[in-house]
Amino acid sequence: MRQETIRRLFSLLLLSILIVAFGATSKLFLTLPNIFTLLREASVTGILAVGVTFVIITAGIDLSTGAIVAFVAMVCANIFYYTTLPVWVALAAGLLIGAGAGYLNGLLVTRLHLPDFIATLSTQGIFRGLALIIAIRSSTGSISNKVITNQGFLLLGDRVSVVYLVTIAFFVVALLGQGILKMTPLGTHTYAIGSSRKSADLSGINSDRVKKVAFTISGICSAVGALFLTARMQTAIPELGTGLEFDVIAAVVIGGCAFSGGRGDVFGSVVGALFMAILTNGIYKYNLPAAFHIIIKGCVIIIMVIFDSVYHRRMDDRIRKAGKMLDQAAAAAEAAGGGAGGIS
Amino acid sequence: MNVDDILLRAVDIEKSFSGVKVLKKVGLDIRRGEVHAVMGENGAGKSTLIKVLTGVYPRDEGKIFFNGASVTINSRQDAKDLGIAVIYQELSLIPTLTVAQNILLGQEICRAGILDNGAMKLAIRKLIETYGFSLNPDAIVETLSIAQRQTVEILKALSMQSSLIIMDEPTASLSVKESENLFQTIGALKKRGVSILYISHRLEEVYRLADRLTILRDGERIAVLSQGEINPRDVIRLMIGKELRQSEHAGRMRPSRPEVVLRVRNLSRRGVFSDISFDLHRGEVLGIGGLVGSGRSEILHCLFGSDRPDSGDILFEGKPIRGTVSRNIRSGFGLVPEDRRTQGFIPLLSMKRNIVLTNYDHLVGRRLFISGKSELAMCRDAIQRLDIRPANSEIHAGNLSGGNQQKVVVGKWLMRDLKMLLIDEPTAGIDVGVKEDIYALIGELAEKGVAVILVSSDLPELLRISHRILVMRKGRIFREFSEGSVSQEDVLKAASGIQDREIESNE
Amino acid sequence: MSKTMSARVLIQKFQRPLILLVLVVVLTLLQPDAFATVSNFKSIFLAISIYGVMVSGSIFTILLGGIDLAVGAVAALSGACTVLTIIAFNYSDIGVILGILAGLLAGCFVGLMHGVIISKFRVPAFLITVATMNIVYGAAELLTGNQTINIISPASFTFVGGGQLFGIPFPIYIVALMAFLSFIILNMTVFGRQVYATGGNPVAASLSGVPVFRTTCAAYIISGFTAAAAGIVLASMNQQAISKAAQGYENDVLTAIVVGGTSLMGGEGSIQGAIFGALLVGILNNGLRLMGVSSIYHTLVKGIIIIIAVSFDFYSRNRNSGLLRTGRLRLWMARQVAILMKEEKHQP
């Protein structure tokens, strides 16, 4: 069976185990309102995960998503606090900043040749710092988190009957992401550079451009997530999204993306995001310490990293042995045949 | 011969690297729809010629005509645009994508920015059918065998309308059956008017496939033979050069001392080599010849402990070894690996630290701290014994010349009580003077009773310093030369898998 | 050698102290009353003492071509372990000793885990340490019950972070000791040589008999140990244990090491450089504060400093020795990024 299939089944299995476990132990779990709440919980992580999926498929990593969320949120809060500009200006500004932030990551990686994790770790500090700098302050200089009152903007945090808008956005973004990955040349190239950068270059693909696009998509997704999160919280704080990048990365790798690149897709990441949301929900429901949440995140990442490594080594070994075993059998046969020929 | 028949003509190609001429007025004509083989010993200039033709290296002199028009090829892209494709030895496919995605990578068919899967599938199916390959376009490449991957590479080349496909040692990692399939593919290509430039070490393939054969030696075109003129004896003679057949260039095998240092029995590593058995005697230089990829270096690594064999016994001084590298080093092993830069030394560390690295057990023993003085003394000793230049113990090993780097790699083993030295391609990319130094050193060591195993693709070198020669082919020991005079021809024939009698029967 | 040459060599050799000197002179001129005072220098040293201790151990992992991003979390965990043990032993002096041991042991254990996983499975160090960072923070949070645990006695414990000896704050002795030990280990022991060799070229090192697995484990254990030590000093200094105690310290540590000229590709760098980096960042922070630049700019500035330092490292070496570089870059990528997982070609 293909690795993709195994991984897909594995992540679905994990998800269903979780659902069955919580469904069996809690009557409230499988009720419609709770399901829609769960979907809402999963949505912001999920939207970010769509973008990070692109980066991880290129064999990169993006640690700056949480900080981009804070920065974008803070920009919107500023716009609403200091101006009376229409909502779309704030939305456009947020998306633009997200795209710019992602593009900056891409530039650092492709132009300055920084390793992905160093580049995005640094920009994490930078964006978080910027959010802190532009935070709205009272006259004494301490940060005051002003409530956003723009009704148009707050609609983003609202719902249509039972479905939250953010959930709809999540599925739209996921469909778009999956479409780009599977139905455009860009998607194919994203897989190509992640799987084997050298081969992609030999096939005439501009790897740097693809890498920059992947980071930009991640930045845009972070911005989209930030807008919905801000609308729901009705305010922006500089600490918004701290540690969110790890939720996102855990979701993406549960869904089947390999850190070594070239594998996984957005649907997997959607499953991963749902998994993380249900897990978090369960942890709260059973009154477990919140610490379990980050512990599980960490464990998930470690297990998946090790899984990839072991899988690849196994795969390489198998190909080496299978390929050359034929060869040796043939060589032996050849030697035997040669001998026989000599005798006759 | 009709001029229109010529697809590619290269005239008087010259190329030198740092003053050394690698190609001297080399010419090459490839007709439409022919399989044109190029042969030559290691270093004859085959790969340089290909790299010039495909735009990897710019040429110094000469002209290239393609389809009768003079062309300049300055990059891989230029070559691709002309219709020259290379099937790389290290395959250039994306393992996680499907066959179809790989073939059309970078030239996807789109409608309004969306991939037109139907059209692409159709194109691929057509391509596969035209050449009669059996290949599923939806298969993931990483699940394919090496041979199938090669087919994908060929299809990729064909999808770009290539009229000349260059194959560099295409059967190196294929089994006999797989090679057979490849030969059929080549036949199919030929019928469709595609020309093939076929580079191979394997004589038997060339006899079988080639319409014409160009032989290179020392950067010159020695001969162009047409199919009827190709026979083993002449080809080997032309490749080696007449003058080398004189007895002084043949190696004299020497009887070895009776004392066995290393006994290897039925050593196998799946997929790499199998059923290797031999004895190594005290003070003996055992040469291992054979083509690159025949499993020679891997044997050294298994003996040294840096790889594990799947089965078989290695007895060192009568006792089985199953130890780690460091334990083996302590019992007197040394390894000079094939690839200096990635395996031999540490470029950013000083020469001193590189030389001392293997010898801390002697230098420090059970003490806690290193004495800088003794480190320096050891390094000075090595510099003196090996004549390393510049004689500066603090210089970064990465900044030395290739020859001196090799001296450092050898030097770290000389500073200890060595019993067995495994040397892999000791003089690759090293200038003549240093080569002599290294030969003298190996001789000296053997004289002192060190057992040496030498892996080399350089035939004169192998013949000159070995006391005994094993020739490997496809992971097995194919022949042993242990007495009398051995010529390059003998070794070459054995490495290509030709038994003596076959040659006789051909004559 | 001509005189000008030797002058240049001299400048090159003492480049780092010179930079510090210039910085100190400039700041003294700018802020004569506030900067060049004994108490200000004390506060500078005190400020860098925590991550100075971490740097002394973390540098081992970076010299190996790895990285340890969990140092902040380990510090939090060890602080919690120490404080809780002391409380369990009723604030006795025995409790202090046991507590410190418990904290250090926790750090070493996390380090051992890092070393084993990274070396056995050959996976990128940053992924593993970022993941354990989460786990260890979680563990610290569980231990402290996500609350601040105050500890104002016994004196033997609060002395570690808050005491003075001969008028000099005690943590400064600890940094000095750690840095000195690190210097000795890196420069005068076989293990130190093996760390450099493994970082410079792991394949060649292992073929030369360097026990790469053991060396890697030891390096990560040392990093965990110093992070734990820093956590204990921090807990003592703040007289409290809190799971967020040292959040973000990994960035300071990374900045100091990279600014100090240690290459992220491994095999090159020194503890002197890293301590210089720590001092430079500490003095810069202090200077900025004295000049009225708000601390909210610090994260921003640190991010930019890392980017500049790492890309400077790349370019300076790219220019100096292109060939050397490409070979090493390939090596590094083969190890750090996941290429290794996939093309884990057994090399010969």
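I'll start with confidence in chain B. Its average pLDDT is 82, and 93% of the residues score at least 70. Within the chain, strand β21, residues 451-455, has the highest mean, at 91. Helix α19, residues 500-506, has the lowest, at 43. Two stretches need a caution. Over residues 244-248 of chain B the pLDDT stays under 50, and the model has 4 contacts for them beyond four places in sequence. Residues 501-507 of chain B are also below 50, with 8 contacts beyond near neighbours in sequence. Where pLDDT is low, the predicted coordinates should not be read in detail.

Next, the layout of chain B. The domain assignment gives domain 1 as 3-245 and domain 2 as 259-506. Taken over C-alpha atoms, the centres of these two domains of chain B are 34 Å apart.

One helix in chain B is worth a look, and that is α8, residues 232-240. Which of its residues are buried? They are B:Pro232, B:Val235, B:Ile236 and B:Met239. Looking down the axis of α8(B), these buried residues fall within an arc of 95°, so they line one face of the helix. Just after α8(B) comes B:Gly241, which has a positive phi of about 95°.

Now chain C. The chain has 16 helices and 4 strands. Of its 348 residues, 55% are buried. If we take contacts in chain C between residues at least 6 apart in sequence, 78% of them join residues at least 24 apart.

Chain C also touches chain A. The contact involves 37 residues of chain C and 40 residues of chain A. On the chain C side, α5 (93-121), α6 (125-144), α14 (298-320) and α16 (339-342) each supply at least two residues. The largest share, 12 residues, comes from α6(C). Sorted by class, this side of chain C has 23 nonpolar, 9 polar and 5 charged residues.

From C:Ala47 to C:Arg122 is 75 residues in sequence and 36 Å in space, C-alpha to C-alpha.

The other one is C:Lys120, in helix α5 of chain C. C:Lys120 has 13 C-beta neighbours inside 10 Å, so it counts as partly exposed. C:Lys120 and C:Phe41 are 79 residues apart along the chain, and their C-alpha atoms are separated by 45 Å.

Last, the nonpolar core. In soluble globular proteins, nonpolar side chains tend to be buried together. Here the largest nonpolar core has 358 residues. Those with the most contacts inside it are A:Phe71, A:Ala73, B:Ile165, B:Val452, C:Ala75 and C:Val136. Helix α11 of chain C, residues 212-238, gives the largest share of this core, 16 residues. Domain 1 and domain 2 of chain B each contribute at least three residues to this core.

To finish with B:Val452: what does B:Val452 touch, not counting residues up to four places away in sequence? The contacts are B:Val285, B:Leu286, B:Leu421, B:Ile423, B:Ile442, B:Leu445 and B:Ala446.

Definitions and conventions:
Residues are numbered from 1 along each chain as its sequence is written. Chains are lettered from A and ligands numbered from 1 in the order in which they are written. This is a predicted model: local features need pLDDT of at least 70, side-chain atom pairs count only at pLDDT 80 or more; totals for chains, interfaces and linings use all residues. Two residues are in contact if their C-beta atoms, placed from the backbone, lie within 7 Å. Ala, Val, Leu, Ile, Met, Phe, Trp, Tyr, Cys and Pro count as nonpolar, Asp, Glu, Lys and Arg as charged, and the others, Gly among them, as polar. A residue is buried if 20 or more other C-beta atoms lie within 10 Å of its own, exposed if 12 or fewer, and partly exposed in between; C-beta atoms are placed from the backbone. The arc is that of the directions from the helix axis to the C-beta atoms. pLDDT is the predictor's confidence in each residue, from 0 to 100. Domain bounds come from an automatic or database domain assignment. A nonpolar core is a set of buried Ala, Val, Leu, Ile, Met, Phe, Trp, Tyr and Cys residues joined through C-beta atoms within 7 Å.
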